[in-house]
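Colleague: I have some questions about the labels used for this model. Please show me how each one is reached.

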Amino acid sequence: MDFQRTKSIFESLYSGVDGYSVSSKARKNLSFASKAHTYGEVTPEGFYQILQDAKAKNGGIFYDLGSGTGKAVILASLFGDFSKLVGIEEIEDLHRASVDIFRRYETEVKPILPSEKQKQVIELVNSDFLEFDISEADLIFAHSTCFYDELMIALEKKCALLRKGTKLILVTKNFNSPLFEPLKSSEYPMSWGKATVNFYEKL
Ligand SMILES: C[S@@+](CC[C@H](N)C(=O)[O-])C[C@H]1O[C@@H](n2cnc3c(N)ncnc32)[C@H](O)[C@@H]1O
């Protein structure tokens, strides 16, 4: 399926879903909400290019750490070649919105996709990603622009335990440990403007 057709399927799936307002309403009532929960989304154009540039292994496992309404997971399902995709989101209302979209994706979109896409497993989890086992991942994405320093340090420590060859994509932020080989750094369009995206491979 070509880019424009895939994009229009994605847009119709998300029409009427406003992750910014779900997030801002939910954060008003959450004691744990922090700068790290600032909302923002990937775009089809930007994430298509990010996936191309990530050169993920065919049939691998994709994780989105802080998955919001699930846009990166759905785009990775549509544009990528993954056997399993996992989105982890700490804010319950965003997680629930992603589950609603996922149900429509399964019933309305998957049946018209090629058979290998129909076999993909998608899991959406309501959790703090620091508490969740991500060790099976082949490609990890974190839209980490607003993650505060201590969270990035904890994430880097967790990722230091990943197996060799795991690829990581960080928006705006960097990993500094020599355990992560920088592969590429480039700008891509996000919902909120152009962002520098940093690609790594775990050594
Ligand atoms: C910038 S948004 C990205 C949403 C989605 N990944 C995208 O790119 O479209 C970052 C998300 O990370 C979530 N988040 C922040 N800290 C988290 C944590 N420790 N565990 C799980 N989710 C977290 C926020 O609630 C927010 O929805």
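Colleague: Why is Thr172 called partly exposed?

Modeller: Thr172 has 16 other C-beta atoms within 10 Å. A residue is buried with 20 or more other C-beta atoms within 10 Å of its own, exposed with 12 or fewer, and partly exposed in between, with C-beta atoms placed from the backbone. So 16 makes Thr172 partly exposed. This is a predicted model: local features need pLDDT of at least 70, side-chain atom pairs count only at pLDDT 80 or more, and totals for chains, interfaces and linings use all residues. Residues are numbered from 1 along each chain as its sequence is written.

Colleague: What is the phi of Thr172, and where is its place?

Modeller: Its phi is positive, about 70°, although Thr172 is not a glycine. Thr172 is in the loop between S5 and S6. Strands (E, at least two residues) and helices (H or I, at least four) are DSSP runs, numbered from the N terminus.

Colleague: What makes Lys55 exposed?

Modeller: Lys55 has 12 other C-beta atoms within 10 Å. The cut-off is 12 or fewer, so Lys55 counts as exposed. Lys55 lies in the loop between H3 and strand S1 (60-65). Just after H3, Lys55 takes a positive phi of about 45°.

Colleague: Which residues of helix H3 are buried?

Modeller: In H3 (residues 44-54), they are Pro44, Gly46, Phe47, Tyr48, Ile50, Leu51 and Ala54. They pack against several elements, including helix H1 (3-13) and strand S4 (139-142). Contact here means C-beta atoms, placed from the backbone, within 7 Å.

Key:
Contact = placed C-beta atoms within 7 Å.
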